[in-house]
Amino acid sequence: MLNQEKVKAMTKAAIYESREGKDDIKINEYSASDYVRYNMLKTLICVTFAFLFICGIYLIYTSEDIFQSILNINLVALGKLILLLYVLTIAAYIIISVVFYQYKYSKAAKRIKKYELLLKRIKRCSHIADNEPGGKSSVD
Amino acid sequence: MQIMNQEGNQVLTSLFVYKGKVTDLYKKYETYINIFLKFVLAFLFFNYITSTIGAYDILTKLPIRFILSVICAFVSPAVFVLIAVIVILLHLFKMSMLLALLALVIFSIYYFLYLKFTPKQGVLMLAIPVFAPFHLHYAVPLLAGLKYTPFTIIPVGMSFVMTKLIVYIKDAVPTITSNTDIEGALTAYTDVINRLLADKEVQLYVIIFALIIMLTYVVSRLPVDYSWYLGIAVGVLTSMIGLLVGAKSLGVDVSSFGVILGSIISGIVISAFQFFVCTIDYKRKEFVQFEDDDYYYYVRAIPKINVSAPELKVRRITSEPKEEAERMETNNRSRTRPSPIKSESDFEIDDMDTGYDEIDLDDLE
């Protein structure tokens, strides 16, 4: 005999699993701090690459000027400036990524909590069905 | 006067009935409509790329463009953007390997710094060059302001950079004689970047479109009635005034007729979209399969169609103090105020709990 309550709960759970659930379950494998740190690290690598690319483009763009005045350039000051810009960019992106991924994690955690409630409801329905006359427990 | 009011009410009623029909139709065929719209966007984009920088013969052929568009229609927006970028890079690679590298580096910077966080918004970057020939690209910042966040300024701005970049790269190709001509490549790089930085048209469009997004976003979220439509109106006005004044002050050649007509039509299109489509909540027809110890389930979940309650009209029969009557009227108004629309991002299981109570049990096995 079909338990309508259980089918409804299972349907809702299946719909969730096929949509946001896919990502949420992956996110939920991490603790909040691990998830934020892991993504922060990925962001750091990406920003470093982007910064190197920007520096490369700038270098090519100003290559003629650089070749002409290579002896007059204060390399230490230039290095300091590049380092400062890099640190500022990284700092900005760390703040952005912490806020962004914390928000993402908390949203996913809320949905997962509700999903777990659905699973509990399914379990309860199965338990009741098993204990009913003619259910699995009674047959056993 | 009363007859005019009655006529107005009739028009409104018929408009809402029509809206209901369109909403139902969209809900019924949502999956197919979305696939079709993505296909059209992809096909128009590949046409645009072919007409602008079509150097790779195989990719310019109609069947290939058609197949690519079909693929883009079925994949996620992030993959759609990736395919589009790869097609651009292949065309540029065919023209000049060294210049394709410049485009690759610029797209990589864009990905690492922005697109990585919100890959879906990359579609906005593709929409502008597609709609620009029809003067409907003014609709993109309006939509971005209404549906997304002000961060969409970045993909919208990038769209103008991309459209100009590929044109300038194409123009710079003759500068490079061979794939090992480093000196020629350096000159070409400098030339492309110089032209891009000095392009007043790009500057004008990026600034004005950023303004449109910001104003539409802020105004459409004000706690006033019809804030969405107010946001669209402000966006349209910003577009018209900003582009015309900006073009004059920067000395950019912009078609005044195109700007005015395009902005107005874009505003109308987005208003219609908001009226008919955006009010549809996230629930849609779902087909899911699962199993427990006893059965395999094949379930079709049909969302309940919410019928709004008729507006309550309180007619005062006995004489009441004026303040009491005003208080009742205020309460009545607050009761009938429509609830804010949920976007797909607001999806929560709580909502699902009330949305899928009618399960098509015919499909159960």
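**Two chains and a helix trio in chain B**

Let's start where the chains meet: the contact draws 28 residues from chain A and 28 residues from chain B, where two residues are in contact if their C-beta atoms, placed from the backbone, lie within 7 Å. On the side of chain A that touches chain B, the elements giving two or more residues are α1 (4-18), α3 (32-61) and α5 (75-131) of chain A. These labels follow DSSP runs numbered from the N terminus, with helices being H or I of at least four residues and strands E of at least two. The most comes from α3(A), with 10 residues. By class, that side of chain A has 18 nonpolar, five polar and five charged residues; here Ala, Val, Leu, Ile, Met, Phe, Trp, Tyr, Cys and Pro count as nonpolar, Asp, Glu, Lys and Arg as charged, and the others, Gly among them, as polar.

A word on what you are viewing: this is a predicted model, in which local features need pLDDT of at least 70 and side-chain atom pairs count only at pLDDT 80 or more, while totals for chains, interfaces and linings use all residues. Residues are numbered from 1 along each chain as its sequence is written, and chains are lettered from A and ligands numbered from 1 in the order in which they are written.

Now turn to chain B. Its helices α5 (residues 77-95) and α2 (residues 30-53) have axes that come within 11 Å and cross at roughly 15°. Axes are lines fitted to C-alpha atoms, for helices over the stretch in contact, and angles run from 0 to 180 degrees between N-to-C directions. That crossing makes α2(B) roughly parallel to α5(B), the term for angles under 35 degrees, whereas those over 145 count as roughly antiparallel. Among the residues meeting here are Phe45(B) and Ile49(B) from α2(B), and Phe80(B) and Val87(B) from α5(B). The contact's residues divide into 10 nonpolar, one polar and one charged.

The other partner of α5(B) in this tour is α6(B) (residues 97-115), packed at about 155° with the axes 6 Å apart. The two are therefore roughly antiparallel. Contributors include Leu89(B) and Phe93(B) of α5(B), and Ala100(B) and Leu104(B) of α6(B). This contact has 12 nonpolar, no polar and no charged residues.

Finally, look at Leu98(B) in helix α6 of chain B. Leu98(B) is buried because 23 other C-beta atoms lie within 10 Å, and 20 or more is the cut-off for that label. Leaving aside residues up to four places away in sequence, Leu98(B) touches Ile176(B), Asn179(B) and Ala185(B). Leu98(B) and Thr180(B) are 82 residues apart in sequence, with their C-alpha atoms 8.4 Å apart in space.

Terms used
Angles under 35 degrees count as roughly parallel, over 145 as roughly antiparallel, 65 to 115 as roughly perpendicular and the rest as oblique. A residue is buried if 20 or more other C-beta atoms lie within 10 Å of its own, exposed if 12 or fewer, and partly exposed in between; C-beta atoms are placed from the backbone.
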